[in-house]
Structures are given as structure tokens and as C-alpha cells.
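Please keep the sequence and the model in view while reading.

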Amino acid sequence: MIRDHDFLETWDSLIFCVVGDVHPPGRIFSYLKYLPGTGPWRRCGRSFSRIFSDYSMNEFKKMLDYLKRVHPEFVRYDPVIGAEMSSVPIEFIKKHYSCLEGLRELLKRGPRDRLERLTIALIRELCDHGDFHEDDLGITGSILLRIHHERSDIDLIVYGRREFWKAVEIFGELGYLGVGSREQALRDMLRRYPIASSDASKLVDRIRYRGVYRGVRFSIHGVRKSEEISEKYFDKIYRRIGLARAILEVDDASDSCFNPAVYKVHGSAEVDGREYHVEQLMCYDLTFSAMFERGDRIEAYGKLESVVDRVHGKRFYSLLIGSVEAAGKEYVRLI
């Protein structure tokens, strides 16, 4: 089973990261992250470069443009999301890297370097303080791919909604959550979003998916357990209305730990003089993962979409953060 945050390697050694739990027939939604080239990521004498300089929608747009030039079969208009998206056809997959199996293999064979030793130590600390089982945890990123170097991060996966929030609680109590250099985090936030310094400062203080362990940065990402995946491809159809600014209040943040981060909200947005009642804030931008809480009031600018829920026979409106159309203009801020 291919799951969110797993990796796929094609026959010509392009390495894609899987996005989400719902995929079109015969294809897997994913984005290109590594490709053969000069870089510090190495395996078996071969080096890789990373296509993203940072994880912004402007960089995502560049990635799509690159794929259209060299592998146009990996980009197509998707009839469910109503936009172009990169996806790997099943027949192009040479190898599937499972986050769950990757951690199992690491624990079984033992560490080969300091970063793997720290990864195992961090996992063991988490398990010592919480009731986690083997199938609750995984590893992703360069450690999963075995191309990491001495300055790489540790990217943890926690399977399950309850398990993710428990892990965040434990890491918080242990004092490991935080961005490391607050000044650098502020600069990154201001470079990516058109917001004031005071707004960026509030967001940095809310980042809960990143931390530092013995001097090494780590991230923690939630992935649904198989029994938590209720949606199928074509269950919901998304269509663009326009770019909009919305004032929203968060009603439920329990699914904000997954990709995309989904917040149930209430509020309104206006497009071309018409007001829309917004019920959902959906963030593919991981910056906003697990960030907001019930009762938070936020202002957001992104792509307003009409969502047809074919299972429940209803329509509602959702604001999307993480679209090519709003690249460089979208933001979320606390008010």
C-alpha cells in the first residue's frame, strides 16, 4: 500500500514524495524532490540534487514546469482537484519506499552513522514516554532513501490522529519542539508570505511539527491509518471560484496533522462582489500543519473553491492554501 509521505523512484532515478491518501486510477499524486545531479545526497556512489530551494508554491510551480519539459506524462489536469498536478503513472515506478518499512529496517539492522543513531534514540524516547506500537511510527525523507548526509534532518512519521497529537504532547513536554533559530524562522516566514513581522512572529511561535534533538532538526508528520481513510477518488469534486481573502474561525483542528492539513471553520470570503460561507480551510503548505486551534480567528488569502460532496449529496466552500494560482500571494495570519 502506497501511503502519504512514502517515496517513489522511477526507472530513470527521479524520486517523488507521495502527497495525500486519495489518488487517481493508475497514478499517484506526488511531487518531484530528488533527481540525479551534483549534491550532498549520495547513495552507492551516485549523487542527487534537490529540485526545491525551499518548500514554497513558487518552487512547486517551477517543479511542474520542469516536469512538463522533461517528462510531460507526469503532469496532467486532474478532474477531481480541477487543476494541474504532478502524479506518477504506476508503470513508471521502479521502487516504492515505505516510511513504515523503512523504520523497521533501520531498527533491525541498526545505525550506520550518527544521524541514524539519533533517529533511533529519538524514536526510543518517544516510545518510552507513550504507548506506541511498531505500526504507529515511520521515517521519511533522505534517511528513508539512504541518501542523507551529516547535515540532514530527521523526518518522523506518526500513523494515526490520536497518536500524532500524543507525540506532539510528548515532544513538547520533553522540550524538543521549536524551530531552533527563531531569527532564521522569521526570515523564512517573511520571505514566503506577504505578512507583517508581528504576524510572522505569532506563526513561528505556533509551529508544532518541527523540533531540535541533540542539535539536529527534526520534523513530525501525521499520516492516516488505513481505517481512518474514508474518502475515495471522485467522492469530492473541487472547482475554482477565484482568489479570495477570508476571515475565519476554527471549529475543529483535529485533522490539521495530516496532508493536506484540514481545518473545519466558519466565516466568509468575497469574490467579485459575492459573499461565500466558508466551511473548510485546506492547507497543502506544511507550514500550517497542526498550527491553529479551536477558537482561533484567522485571516487567510488563497484559492476559494466550490466542493461537491458526492457521497453526502451537498456542496460547500473551501479556501485552499497551496495553489499555483495564488503562489507568492497566499498567506494565513492570526487576528
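In which helix do aspartate 188 and arginine 191 both lie, and how many residues apart are they? Both lie in helix α6 (residues 182–192), three residues apart, which is about one turn of the helix. The model is predicted, so local features need pLDDT of at least 70, side-chain atom pairs count only at pLDDT 80 or more, and totals for chains, interfaces and linings use all residues. Residues are numbered from 1 along each chain as its sequence is written, and side-chain values use heavy atoms, with hydrogens and water left out.

**The sheet and its helices**

- Helices (H or I, at least four residues) and strands (E, at least two) are DSSP runs, numbered from the N terminus.
- An open sheet of four strands has the order β8-β9-β11-β10, with mixed pairing; two strands pair if DSSP finds at least two bridges between them.
- At the edges are β8 (137–140) and β10 (210–213), each of which pairs on one side only.
- From one strand to the next, the twist averages 35°; axes are lines fitted to C-alpha atoms, for helices over the stretch in contact, and angles run from 0 to 180 degrees between N-to-C directions.
- Four bridges join β8 to β9 (residues 154–159) in the antiparallel sense, and threonine 140 has aspartate 155 in β9 as its bridge partner.
- Helix α3 (residues 114–129) lies across β8, β9, β10 and β11 (216–223) and runs at about 30° to β9.
- Helix α5 (residues 161–174) also packs on the sheet, where it touches β9 and β11, and its direction makes about 155° with that of β11. Contact here means heavy atoms within 4.5 Å.

**Salt bridges**

- Side chains of opposite charge can pair when their charged atoms come close.
- The structure holds 30 salt bridges, each defined as a side-chain nitrogen of Lys or Arg within 4 Å of a carboxyl oxygen of Asp or Glu.
- Arginine 214 and glutamate 125 form one of them, with their closest N and O atoms 3.9 Å apart. Because arginine 214 lies in the loop between β10 and β11 and glutamate 125 in helix α3, the pair ties together parts that are 89 residues apart in sequence.
- Within this pair, arginine 214 is exposed at 54% relative accessible area, whereas glutamate 125 is buried at 17%. Buried means under 20% relative accessible area, exposed over 50%, and partly exposed in between (1.4 Å probe, protein chains only).
- Glutamate 228 and arginine 161 meet in a salt bridge at 3.6 Å, N to O. Their pair links distant parts of the chain, with glutamate 228 in the loop between β11 and β12 (236–252) and arginine 161 in helix α5, 67 residues apart.
- A network of salt bridges links Asp21, Arg161, Arg224, Glu228 and Asp255.

**Aromatic residues**

- There are 13 aromatic pairs in the structure; rings of Phe, Tyr and Trp (its six-membered ring) pair if their centres lie within 6.5 Å.
- One aromatic cluster is formed by Phe171, Tyr176, Tyr213 and Phe218.

**Arginine 76**

- Arginine 76 is placed in strand β5 (residues 75–78) and is partly exposed, with a relative accessible area of 33%.
- Not counting residues up to four places away in sequence, arginine 76 touches Pro24, Arg27, Ala83, Glu84 and Met85.

Notes
Rings of Phe, Tyr and Trp (its six-membered ring) pair if their centres lie within 6.5 Å; planes under 30 degrees apart count as stacked, over 60 as edge-to-face and the rest as tilted.
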